[in-house]
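We will go from stop to stop, selecting as we go.

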Amino acid sequence: MGQMPDSYTVLILPKERSSAKKFSVSRPILVLSGVVLSFLTLFLLYLAYDYINIKRTHAELYRMQTLVKEQQALIDGLITKVDGFSTRLQELKQFDRKIRIMANIEKGKEREQLLGQGGPLREDRRLRDQFKADHKELLSGMNREVDRMAGEATLRETSLSEIVDFFKEQQLIWASTPSRWPVTGWVTSEFGYRASPFTGSRELHTGLDIATRLGREVAAPADGIVVETGYRADLGNFVKIDHGRGFSTQYGHLLKINLKEGTPVKRGRSIGLVGNSGQSTGPHLHYSVFVNGVVVNPRKYLN
């Protein structure tokens, strides 16, 4: 192979008519120029690549900052809702216990605790204030608060179900308790011992004699079932109603009986008409109340 030249001649030929220009470049300078040009090219490529990465990173950072702001707004909204739910649950708990006290189904210790409370509710304190030092702790605290509220909601649901059952039972008790007057009128003879209007001897009057006009409707004072109807020499036409829970009532001296045995009745339903049948000195209703088969004073249950 031939030896490489020590220099190179560069010839420049212009378009216009003029003399050509030439100059010589030594081989070391040409090699050095090539190396420098290659280095500059690589450096420029590196700068371009780095610039593109910086722009991409900046765009990603901006996107992440926007996402963080949106998530923070959602977290703030969630915190507000959690606080609101927590406060409402606390209010519901207080309301629950007040109802229990009013219904006399609250224990004494719990009643004292309720009546002795004051100041702001504990749940009114913001979760953000409790866990503001650490975003992760904030989320963890929110999860704990949600779990606590879920447990509290289950307790309130159970408690309210018990209250509903209690009031349903009370409603049944009220409906089956003979607490209203069966007829409008005035009492001419009270429950208790008296002189018989027929013999003058001392006797136990087993009910209230309520005088009123002939033919006035007699209404059931409570829910129940007609267990007996008929005629007796002393009571005349009569009806007996079983109200359950040991209560039963009897209505005597009726002009007419409107119900048959076995008929269910509701409070206020007509069971007959005031009359003067049997041993009676005038139109009136003889009204008796029995508890577990024992006759008692009806006034104990009348409103």
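Two strands count as paired if DSSP finds at least two bridges between them. Keep that in mind for the first stop. Remember too that this is a predicted model.

**Stop 1: strand S6**

Select residues 208–211, which are strand S6. Which residue of S13 is the bridge partner of Ala211? Select His284: this residue of S13 is the partner of Ala211. S6 and S13 are antiparallel, with 4 bridges between them.

Now select strand S3, residues 186–189. S3 also pairs with S6 in the antiparallel sense, over 3 bridges. Find Ser189, which stands opposite Asp209 of S6.

Show the side chains of S6. In a regular strand, side chains alternate between the two faces of the sheet. Here Leu208 and Ile210 point one way, while Asp209 and Ala211 point the other way. Are these four residues buried or exposed? All are buried.

**Stop 2: strand S10**

Select residues 247–257 for strand S10. Of its 11 residues, 8 are buried, so the strand is mostly covered.

Look for the partners of S10:

- S9, residues 236–244, runs antiparallel to S10, and 6 bridges join them. Pick Asn237 and find Leu254, its bridge partner in S10.
- S13, residues 284–291, pairs with S10 in the antiparallel sense over 6 bridges. Pick Thr249 and look opposite for Val289 in S13.
- S12, residues 270–274, pairs with S10 in the antiparallel sense over 3 bridges. Pick Lys256 and look opposite for Leu273 in S12.

Next, move to the turn of the S9 and S10 hairpin. It has 2 residues between the strands. Select Arg245, which takes a positive phi near 55 degrees.

**Stop 3: Gln250**

Stay in S10 and select Gln250. Why does Gln250 count as buried? Its relative accessible area is 8%, and buried means under 20%. Show its surroundings.

**Stop 4: the core**

Select Val218, Ile241, Tyr251, Ile271, Leu285 and Tyr287 together. The largest nonpolar core has 21 residues, and these six touch the most other members. Which elements give two or more residues to this core? They are strands S6, S9, S10, S12 and S13.

Zoom in on Tyr251. Leaving aside neighbours within four places in sequence, its contacts include Pro182, Val218, Pro221, Ile241, Ile271, Leu285 and Tyr287.

**Stop 5: Gly268**

Select Gly268, in the loop between strand S11 (264–265) and S12. At 33% relative accessibility, Gly268 is partly exposed. Which residues does Gly268 touch, not counting those up to four places away in sequence? Select Arg180, Ala219 and Ala220. Gly268 and Arg180 are 88 residues apart in sequence, but their C-alpha atoms are 8.6 Å apart in space.

**Stop 6: helix H1**

Finish at helix H1, residues 27–102, and select Phe43 there. With 40% relative accessibility, Phe43 counts as partly exposed.

Key. Residues numbered from 1 in each chain as written. Predicted model: local features only at pLDDT ≥ 70, side-chain atom pairs only at ≥ 80, totals over all residues. Heavy atoms only, no water. Core = buried A, V, L, I, M, F, W, Y, C linked by side-chain atoms within 4.5 Å. Buried < 20%, exposed > 50% of the residue type's maximum accessible area, 1.4 Å probe, protein only. Contact = heavy atoms within 4.5 Å.
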